[in-house]
Amino acid sequence: MENQIESVVWGIHSQDDSLFLDKSIIGIGWTKMGDLSKIGSTRENFKEKVQEVYPDIKKGAIPNWAGIMYRFVVEMKKGDYIVFPSKADRKINLGIIESDYMYDELAPLYPNIRKVKWLKHYPRRTFSQGALYEVGSLMTLFTIKNYANEYLGSLDKKFSPKIVENTEDETVGVTAEDIMNNTRDYILKEISRQFKGYDLENFVASLLNAMGYRTTVSPHGGDSGIDIIAYKDELPPRIAVQVKSQDGDIKETTIQSLKGAMMPGDYGLFVSLSDYTKSAKKFLKANPIIRGINGIELVNLVLKYYEGLDETYQRAISLKKVYIPVAKGEDKV
């Protein structure tokens, strides 16, 4: 199949596998929206309608919902390809879109539909881990870009769905890295969104407790430059901790204020959700008694000690422990 990448390949998810497969259709919900073809032809039209029909919707969800509807009605065309991962039989179903948008007002779940001709139904193991990861998107409807040719290639008459023995899937490492990076992004966003000022101090104290330290959070309103006092055990050294939730990189003068507040024999710990300026990093290197932790390092500590965090913070940053494949020879932690 030549020039495969020129063909648009869509991915879609469903709560009703049999509806899609038995009736040869694909569809999206939002029954309250009515006939989507009457809304207009721009994304703004769809955004305005979503906000009108769902006045209590979170602001960030408006472009997501409107975007899915817009793609299904306006951007998707007859002749485009569709990849549908069915949950019940764990298969990847590939088809071609055969109709324009249609509206079925009697449909209880998916009134917005298009007809599809299903061409192939493969076991998931037929495809690389990267291709499976891309089609596992959290979005209801999305374009497949990175692995479009792999899916289109499986429609070739000469294609044979066989797993080559003793051959490592080269996409495994990339897929695992993508999953971890998405998780790290989620954690940092939630920390930034939910914990500011004193709330972040309490969160960091809980993390230090999970790491085996005893902590005392300084009274609010203090100007000592020290937010948390931590001890590893009953004896010194004392660790003076300063926490900053600001978005901009931490400057050298800010870290100097922590050093100025430290007593002889103290160690210092500076925790930031962002990073440090070049001069601040140079200062930290010249003063090894002070350790600087940036947002990425903080997230890695959260991942490592998550199970020891207070339940309040586990609920706020909701994570589920799963196993993901990694390339051979890579660190499995």
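## Ile226, a buried loop residue

Ile226 sits in the loop that runs between β8 (214-217) and β9 (228-231). This is a predicted model, and in it Ile226 counts as buried because its relative accessibility is 9%, where buried means under 20%.

Which residues does Ile226 touch, once those up to four places away in sequence are set aside? They are Ser218, Arg238, Ala240, Val241, Leu258 and Ala261. Take Leu258 from that list: Ile226 and Leu258 are 32 residues apart along the chain, yet their C-alpha atoms are separated by 6.7 Å.

## The chain as a whole

Stepping back, the protein chain contains 11 helices and 12 strands. Its C-alpha trace spans about 75 × 55 × 35 Å along the principal axes. The radius of gyration is 26 Å, whereas a compact globule of 333 residues would have one near 20 Å.

Of the 333 residues, 42% count as buried. The accessible surface of the chain comes to about 19,500 Å², and carbon and sulfur atoms account for 50% of it. If you look at contacts between residues at least 6 apart in sequence, 62% of them join residues at least 24 apart. As for charge, there are 45 positive and 45 negative side chains, and the centres of these two sets lie 1 Å apart.

## Two nonpolar cores

The largest nonpolar core has 33 residues, and Ile26 and Leu36 are the ones with the most contacts inside it. Seen by element, two or more residues each come from β1 (9-12), α1 (17-23), β2 (25-28), α2 (43-53), α3 (61-75), β3 (81-86) and β6 (112-123). Helix α3 gives the largest share of this core, eight residues.

A second, separate core has 27 residues, including Ile187, Phe203, Ile228 and Leu273.

## Arg43 on helix α2

Helix α2 also holds Arg43. Is this residue buried, partly exposed or exposed? Arg43 counts as partly exposed because its relative accessibility is 35%, which falls between the 20% and 50% cut-offs.

Not counting residues up to four places away in sequence, Arg43 touches Gly67, Tyr70, Arg71 and Glu75.

Most residues other than glycine have a negative phi. Ser24 has a phi near 55 degrees, a positive value in a residue other than glycine. Trp30 is another non-glycine residue with a positive phi, near 60 degrees.

Where do these two residues lie? Ser24 is in the loop between α1 and β2, and Trp30 is in the loop between β2 and α2.

Note on methods
Residues numbered from 1 in each chain as written. Predicted model: local features only at pLDDT ≥ 70, side-chain atom pairs only at ≥ 80, totals over all residues. Heavy atoms only, no water. Core = buried A, V, L, I, M, F, W, Y, C linked by side-chain atoms within 4.5 Å. Buried < 20%, exposed > 50% of the residue type's maximum accessible area, 1.4 Å probe, protein only. Helix = DSSP H or I, 4+ residues; strand = E, 2+ residues; numbered from the N terminus. Rg over C-alpha atoms; globule rule 2.2 N^0.38 Å. Contact = heavy atoms within 4.5 Å. Areas by Shrake-Rupley, 256 points an atom, 1.4 Å probe, with all protein chains shown as cover. Lys, Arg positive; Asp, Glu negative; His and termini not counted. Charge placed at Lys NZ, Arg CZ, Asp CG, Glu CD.
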